[in-house]
Structures are given as structure tokens and as C-alpha cells.
Amino acid sequence: MNLVRRFLGFWWSFIVGDDWRIAALVVIGLGLCAAAAHGGLAAWWIPCVVVAAALWLSVWRAARRAPRREGG
Amino acid sequence: MTGGTVGLLAAVFLACAVEAVEATTIVFAIGVTRGWRPALLGTTAGLATLAVIVGALGPALTLLPIGALRLVVGTLLLIFGLGWLRKAVLRAGGLQAHRDEAAAYRGLAEQAGAVARSEGRFDAYGFTISFKGVLLEGLEVAFIVITFGSNQKDGIIPATLAALAAVLVIVGAAASVRGPLSRVPENVIKYGVGVLLTSFGLFWGTEGAGAAWPASDASLLVLIPAVLVCSLAAVAVLRRGRGRPRLAEARAGAGS
């Protein structure tokens with residue numbers, strides 16, 4: 001069980017990285033894009049806006065949480 | 001050769017070069033402190049494992065229909081690329097320490113030298129550290145090779161060759177200076193790779209979701225600079241934010 005948890009934890013941290021909110025926003029953005037595209041709307045701009053927002057929000061959160069330098 | 005293929009090869013080459021620099025630091029630290037036999041055996045085993053992963057997963061992914069493939073690969077690449085870009089922005093903005101190969105090499109060599117070894121027996125410690133270093137640094141490259149390569153027709157082989165070319169260049173350079181490559185502008189390269197991964201992930205993920213780009217493949221020519229500008233703006237805001245307290249401190253110091 002511990003081994004399975006460590007294995008899944010490795011892949012989670014490998015793909016999702018330091019901020020899970022980025023992954024969540026990407027999935028939501030592409031989902032909204034798919035819904036709009038299937039409704040016949042021009043949807044290419046939705047992921048662009050969501051990606052810019054995800055990057056800025058994540059960086060802003062990191063800046064608020066870490067006034068000093070993080071290691072790594 | 002299309003623009004997409006050139007972008008693919010550039011991203012794979014740069015990502016592989018930067019990861020190869022980090023893996024080379026580990027292998028050199030082990031080779032110098034514990035001997036070259038376990039270091040090179042660990043490297044060979046790590047590279048063989050990566051070859052098996054690319055050889056097995058690459059062709060398996062291409063069996064998916066192109067729409068589903070682009071959605072899955074685009075989503076993964078976008079999440080992965082934003083992770084690289086976030087870290088690069090935090091480094092460039094002064095919130096996270098830049099990676100320093102010379103310091104990493106010294107730390108690793110000190111750690112490896114402190115672990116006892118038995119004379120005449122196979123050095124499992126040296127082997128394991130080299131193997132893990134090559135495998136973990138190479139896994140990100142394998143992921144990029146598989147995702148980029150599977151999205152282009154017959155793309156796995158050119159992507160693999162671009163990765164191998166980067167490894168050869170970096171290993172050749174490290175062998176000639178006989179040490180870690182601390183002068184490679186790693187942080188700048190990582191920033192560039194983050195921009196490319198995010199742009200291609202955005203492009204393919206959007207297409208996979210069923211939306212069409214206004215200028216088809218040529219949209220990448222706008223998308224890549226747009227991602228770069230968006231991230232540089234975040235860096236500028238971070239630097240301004242960090243500059244303010246120092247300015248206030250300087251003024252307070254001058255006033256007292």
C-alpha cells in the first residue's frame with residue numbers, strides 16, 4: 001500500500017508539479033473550450049485566457065507565500 | 001520540414017540539453033569520488049530504461065485517434081510546460097534560487113565521498129545514484145519526446161535523434177572540461193523550454209478540444225511570442241514587487 005502510494009505520489013508530483021491549481025485550471029479551460037466548440041462557437045481564445053490566468057495566479061500565490069527565496 | 005517540426009526538435013534538443021547538464025553533474029560527482037565503473041554502469045542502465053520507456057509508450061500512444069491524442073497530449077504538455085514556466089518565472093523574478101551546477105557538484109561529491117565503500121566489491125551506492133540521476137533527469141525528456149513525437153507524423157524518431165544529439169553535445173563538452181558544465185545558461189534555456197512546451201501544449205490541447213485556430217499552424221508564430229510576453233510581464237511585476245521593500249529600506253536608511 002505504501003509502495004503504491006509512493007508510486008502514485010511520484011507520478012502526481014512529476015506531472016502536476018508544485019501547484020495542482022494549474023492542472024485544475026488547464027482541465028477546466030480545455031473542458032470549457034470543448035463545450036463551446038461543440039456548440040459551434042469560436043473557442044480557441046478560452047484556453048489562452050485560462051493559461052495566462054493560471055500562470056499569473058500561481059506566480060502571485062507563490063510571491064505572497066514566499067517573501068524569501070525558495071530553494072531548488 | 002514544417003514550423004511545427006522545427007519547434008518540436010528545438011524544444012526536445014534544449015530540454016534534453018538542460019537535463020543532460022544536470023545528469024552529467026551527478027555522474028561526474030560519482031565518477032570522481034567513487035570511481036568511473038559504477039558511475040558509467042549506472043548511466044548505461046538509466047539510458048537503457050529510458051529507451052525501453054520511449055520504445056514502449058511512443059508507438060502505443062500513436063494508436064489513439066488524432067483528436068483524442070492531441071487532447072490528452074496537449075493537456076499533459078500544457079500542465080507540464082506551465083510547471084516549467086512557473087518555476088522559470090519565479091527564478092527570473094528572484095523568488096526562487098537559480099540552479100548552480102558548481103554548487104550542486106560540490107554538494108554531491110561531498111555526500112558521495114562520505115559514504116563508506118567496501119574494497120573489491122561492486123559499489124551499489126555509486127551505481128544507484130548514477131542510475132537514479134540519469135533516469136529521473138531523463139524521464140522529463142522521455143515524456144517530451146513521446147508527447148511531441150506522437151503528435152507529428154513519424155515524429156518519435158526525429159525527436160529521439162534530437163535528444164541523443166543534445167546528450168552527445170553535453171557529454172562531449174563535459175568530457176572536454178572534465179567537470180560539471182556550470183557555464184551553460186541553464187536557467188535561460190529552461191525558460192525557453194517552458195515557453196515552447198506551454199505554447200505547443202496550448203495549441204494541441206485547443207485543437208484536441210475541437211476548436212480551430214484562426215490561422216491554423218501559423219497561429220504558433222503568434223502563440224509562442226504571446227506566451228513569452230505574458231511570462232515576462234509576470235517576471236517584471238515580481239521584480240518590481242521585490243524592489244519596493246529594498247527601496248523603502250534604502251530610503252529609511254538614508255533618512256536615519
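The model is predicted, so local features need pLDDT of at least 70 and side-chain atom pairs count only at pLDDT 80 or more, whereas totals for chains, interfaces and linings use all residues. Residues are numbered from 1 along each chain as its sequence is written, and chains are lettered from A, with ligands numbered from 1, in the order in which they are written.

## Exercise 1. The setting of B:Thr147

Locate B:Thr147 in its element and list its contacts beyond the sequence neighbourhood.

*Solution.* Begin with the secondary structure, in which helices (H or I, at least four residues) and strands (E, at least two) are DSSP runs numbered from the N terminus. B:Thr147 lies in helix α5 of chain B, which covers residues 124–151. Next, take contacts as pairs whose C-beta atoms, placed from the backbone, lie within 7 Å. With residues up to four places away in sequence left out, B:Thr147 touches B:Val73, B:Leu76 and B:Leu77. Finally, consider B:Val115, which is 32 residues from B:Thr147 in sequence and, C-alpha to C-alpha, 39 Å from it in space.

## Exercise 2. Two chains in outline

Describe the elements and the burial of chain A and of chain B.

*Solution.* Chain A has 3 helices and 0 strands, and buried residues make up 28% of its 72 residues. Chain B has 8 helices and 0 strands, and here buried residues make up 48% of 256 residues. The C-alpha trace of chain B spans about 70 × 65 × 25 Å along its principal axes. Among the contacts in chain B with a separation of 6 or more, 86% join residues 24 or more positions apart.

## Exercise 3. The largest nonpolar core

Identify the residues that touch the most other members of the largest nonpolar core, and the helix that gives the most to this core.

*Solution.* A nonpolar core is a set of buried Ala, Val, Leu, Ile, Met, Phe, Trp, Tyr and Cys residues joined through C-beta atoms within 7 Å. The largest one holds 90 residues, of which B:Ala11, B:Val12, B:Cys16 and B:Val145 touch the most other members. Helix α1 of chain B (residues 3–34) gives the most to this core, with 17 residues. For B:Cys16, leaving aside neighbours within four places in sequence, the contacts are B:Val141, B:Ala163, B:Ala166 and B:Val167.

## Exercise 4. The contact of the two chains

Work out how chain B meets chain A, and characterise the crossing of α3(A) with α3(B).

*Solution.* First, 30 residues of chain B are in contact with 33 residues of chain A. The elements giving two or more residues to this side of chain B are α3, α7 (186–208) and α8 (220–255), and α3(B) gives the most, with 11 residues. By class, this side has 20 nonpolar, 9 polar and 1 charged residues (Ala, Val, Leu, Ile, Met, Phe, Trp, Tyr, Cys and Pro count as nonpolar, Asp, Glu, Lys and Arg as charged, and the others, Gly among them, as polar).

Then turn to the helix pair, for which axes are lines fitted to C-alpha atoms over the stretch in contact, and angles run from 0 to 180 degrees between N-to-C directions. The axes of α3(A) (residues 45–65) and α3(B) (residues 66–92) come within 10 Å and cross at roughly 40°. That makes α3(A) oblique to α3(B), since angles under 35 degrees count as roughly parallel, over 145 as roughly antiparallel, 65 to 115 as roughly perpendicular and the rest as oblique. The residues making this contact include A:Val51, A:Leu55 and A:Val59 of α3(A) and B:Leu78, B:Leu82 and B:Arg86 of α3(B). By class, the contact has 10 nonpolar, 1 polar and 1 charged residues.

## Exercise 5. B:Leu196 and B:Ser216

Decide whether B:Leu196 and B:Ser216 are buried or exposed, and place each in the chain.

*Solution.* B:Leu196, in helix α7 of chain B, is buried because 27 other C-beta atoms lie within 10 Å. B:Leu196 touches B:Gly7, B:Ala10, B:Ala11 and B:Ile224, not counting residues up to four places away in sequence. B:Ser216, in the loop between α7 and α8 of chain B, is exposed because 9 other C-beta atoms lie within 10 Å. Although not a glycine, B:Ser216 has a positive phi of about 55°.

Terms used:
Buried ≥ 20, exposed ≤ 12 C-beta atoms within 10 Å, placed from the backbone. Contact = placed C-beta atoms within 7 Å.
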